[in-house]
Amino acid sequence: MTNQEVAYAEIEKLVTSFKNLPAAQRKGMNEMQTRLGYILPLFKALGWDTSNINEVSPEEKVSRGWVDFSFRIGNTPRFFLETKKANEDLTDPRWIKQAIDYAWTKSVTWALLSDFEGLRVFNAEWKESNPFSAQFFELDLDGYLKDEKLWWLSKEETVSRR
């Protein structure tokens, strides 16, 4: 099996586990539970060493706050990830602007926003008055396994696009 096939098998387990949670339990999950239980395991499946702070740096300082995660190749941040609790409204302009601003401030091209139920990817170089205009792509739970764009966020693909 290829790395991508192995990754998608792990992601399928995460998606199934999440979908099997009772709605009340999903709704009651806080950001840390969502992050540790689902979002970080998603990126671990994509080949990132989420326990290595030199590769996936948690709570990195940016000028106006702390971005949840910086994904690095070498010492260079390749994308920032802002996480939210499950069932958060990822279309809330506050969250989109927050993710984009963090990345833009540090000259990081890609800003990601996720509550695991959804994942939105923005180009932070497109400094738009309407933050929705900077969206590059969006995936939902079902899209993780059907859309090849998720693999674009894998460590393997990120390294190959240096």
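# Cores, a helix and salt bridges in a predicted model

Inside, the largest nonpolar core holds 34 residues, and a search of the whole structure finds eleven salt bridges.

**The surface patch**

- Because its relative accessibility is 35%, tryptophan 126 counts as partly exposed, a class that lies between the cut-offs of under 20% for buried and over 50% for exposed.

**The nonpolar cores**

- In soluble globular proteins, nonpolar side chains tend to be buried together.
- Among the 34 residues of the largest core, those that touch the most other members are Ile11, Phe43, Phe116, Tyr144, Leu150 and Leu153.
- Two or more residues of this core come from each of the elements α1 (3–20), α3 (31–45), β2 (65–73), β3 (76–83), β5 (118–123) and β6 (135–140).
- Leaving aside residues up to four places away in sequence, tyrosine 144 touches several residues, including Tyr8, Ile11, Val15, Phe116, Leu139 and Leu150.

- Most residues other than glycine have a negative phi, and most peptide bonds are trans.
- Serine 107, which follows α4, has a positive phi near 55 degrees; this serine is found in the loop between α4 and β4 (110–114) and is exposed, with a relative accessible area of 66%.
- Asparagine 87 also is not a glycine and has a positive phi of about 70 degrees; asparagine 87 is found in the loop between β3 and α4 (93–105), and at 38% relative accessibility it counts as partly exposed.

**Salt bridges**

- Aspartate 142 and lysine 19 form a salt bridge in which the closest N and O atoms are 2.3 Å apart. Since aspartate 142 lies in the loop between β6 and α5 (143–146) and lysine 19 in helix α1, the pair ties together parts that are 123 residues apart in sequence.
- Aspartate 142 counts as partly exposed at 38% relative accessibility, and lysine 19 counts as partly exposed at 39%.
- Glutamate 55 and lysine 155 also meet through their side chains in a salt bridge, at 2.8 Å from N to O. Glutamate 55 lies in the loop between α3 and β1, and lysine 155 in helix α6 (residues 155–160), so this pair ties together parts that are 100 residues apart in sequence.
- Glutamate 55 is buried, with a relative accessible area of 9%, whereas lysine 155 is partly exposed, with 27%.
- Aspartate 92 forms a salt bridge with arginine 94, with 2.6 Å between the closest N and O atoms; aspartate 92 counts as buried at 14% relative accessibility, while arginine 94 is exposed, with a relative accessible area of 55%.
- A network of salt bridges links Glu31, Arg35, Glu59 and Asp68.

Definitions and conventions
Residues numbered from 1 in each chain as written. Predicted model: local features only at pLDDT ≥ 70, side-chain atom pairs only at ≥ 80, totals over all residues. Heavy atoms only, no water. Core = buried A, V, L, I, M, F, W, Y, C linked by side-chain atoms within 4.5 Å. Buried < 20%, exposed > 50% of the residue type's maximum accessible area, 1.4 Å probe, protein only. Helix = DSSP H or I, 4+ residues; strand = E, 2+ residues; numbered from the N terminus. Contact = heavy atoms within 4.5 Å. Salt bridge = Lys/Arg side-chain N within 4 Å of Asp/Glu carboxyl O.
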